[in-house]
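My entries follow the structure.

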Amino acid sequence: EKIVYGEEEHHVDYRERFRFPEVKKGDVIARIYPPVEGIPGKKVTGEIIQPRPVKITRIRYGEGIETVENEGVIVALKDGRLVVNGNHFKVVNLLVHNADVDLESGNIRFSGDIYIYGNIREGMTVEAQGDLFVEGSCYGADVKAGGEIRFTRNIIKSRIEGGLYFALLKKLITPLNKLEEQLGGAIRNIKEVEKGLWGRGQETADRTLGLITRSVIEKTTHYVKDIITTLEQLLSQLEAPGLNPLRELLSPIKLFFTSPLQPDALTELVALRNKLAALSEKYKEQLQDIPVFTASYIQNSDISFGGAINVVGPGSYMSDLKAGEGVTVQGAFRGGSIESQGDVKVKEFVYIASASESITKKPAIRVKVPVHRSIYFGKVYIDTTVQVGKYVHRFSKDAERVKIGYNSKSGMLQVTDF
């Protein structure tokens, strides 16, 4: 769908040329009307013309589509892009672009996966809520993806953010656990008081149970509100279909703690806790299979990825890599820095001093990992400075096949061969 700028527009962005129409789960995308018999006509000679027999159009349903027979409508089963080919309907989570992303194509944004058979040119933006696959290179562009990012060739002077969905899931897990604990604790307290009354031979009337429930809920409300506020703030950072179930669940939980209690409040609270537990478990399972960022060569770029980063070609030059998991550079890493939550493995690490480092004669930290992780160099050059936890090590000479890790017994960094 082409973006049209009106005469009243004061600013025209020639990179914003097209938008890709999308449908949401539950949207009505078509209505089916029953066939209507034609009305006989008449020639100028008075001869009657009978209408042709009507035919019932056969609709072909692809993925992501269903029909509601009694309502005569076609409904989307998921979010995505509607594809209509004749009488064939489907909703897909994939957008394929068979050319370069440039001024002719405009920027590309899509709620699912994007597959680009071409390069991403200077000044362009590509954003995918799902995975992004580029059969080409990236030059001076801004790229974002909620999941995996894979470039078959090079990344030059670009800013890349990926694995955003999984990075956010990691932040959500702690408050989700706290919320589940608060709901579970409230349920246990209500049941324990009820059990105590029964133990003393006192029948728990509905009114009594209601008072008990209200008292427990009031003590919990403050903590629950704070946790929900934290979750809502985190959810506002990213739009992703996978987060919608959590957004939808927070609303009734919030309503439960801010509205007058109903007679079946305990039953409702148990149901909300069970839904939250199931959703939390689903997110934890997804974090067991975090996708990977892959590129052949990176130059003068900033890469931030929620999972592991894997540079499979010649390596990297004057670039900064930040990973939520490990980092592997199968070639040479020349200049720049690496910050990783997992192990770092580099075939050859070349220290290149910045202008400020040359003046102060104080090398900056080039590789940083948590205390429980390690750094591996096939070859590393003098003055390279690394940090494991709070412990810093500077190489006073060139070295080969070395591992830098924290030794808990000695309480010090240990540099060993591997």
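**Second largest pocket**

I looked up which elements line the second largest pocket: β18 (159-162), α1, β20 (302-305), β21 (308-323) and β22 (327-340) each supply at least two residues. Helices (H or I, at least four residues) and strands (E, at least two) are DSSP runs, numbered from the N terminus. I note that this is a predicted model, in which local features need pLDDT of at least 70 and side-chain atom pairs count only at pLDDT 80 or more, while totals for chains, interfaces and linings use all residues. Residues are numbered from 1 along each chain as its sequence is written, and side-chain values use heavy atoms, with hydrogens and water left out.

α1 gives the most to this lining, with four residues. The lining has 18 residues, and Leu 164, Ala 167, Lys 171, Ser 304 and Gly 306 lie nearest the pocket centre. A pocket here is an open set of points on a 1 Å grid over the protein atoms alone, where a 1.4 Å probe fits, with protein on both sides within 12 Å along at least five of seven lines; lining residues have an atom within 4 Å of a point. I read a volume of about 350 Å³, taken as the space filled by probe spheres set on the points, which are joined across faces, edges and corners. By class I found six nonpolar, eight polar and four charged residues (Ala, Val, Leu, Ile, Met, Phe, Trp, Tyr, Cys and Pro are nonpolar, Asp, Glu, Lys and Arg charged, the others, Gly among them, polar).

**Largest pocket**

The largest pocket holds about 420 Å³ of space. Of its 20 lining residues, Asn 93, Ser 111, Ala 240, Pro 241 and Gly 242 are the closest to the centre. α1 (164-199) and α3 (244-258) are the elements that give two or more residues to this lining. I noted five nonpolar, nine polar and six charged residues there.

**α3 and α4**

I then checked how α3 packs on α4 (residues 265-286): the angle is about 155 degrees and the axes are 11 Å apart (axes are lines fitted to C-alpha atoms over the stretch in contact, with angles from 0 to 180 degrees between N-to-C directions). That makes the two helices roughly antiparallel (over 145 degrees). The residues of their contact (heavy atoms within 4.5 Å) divide into 13 nonpolar, no polar and two charged.

**Asn 407**

Asn 407 is in strand β28 (residues 399-407). Beyond its neighbours within four places in sequence, Asn 407 contacts Met 412 and Gln 414.

Terms used: Angles under 35 degrees count as roughly parallel, over 145 as roughly antiparallel, 65 to 115 as roughly perpendicular and the rest as oblique.
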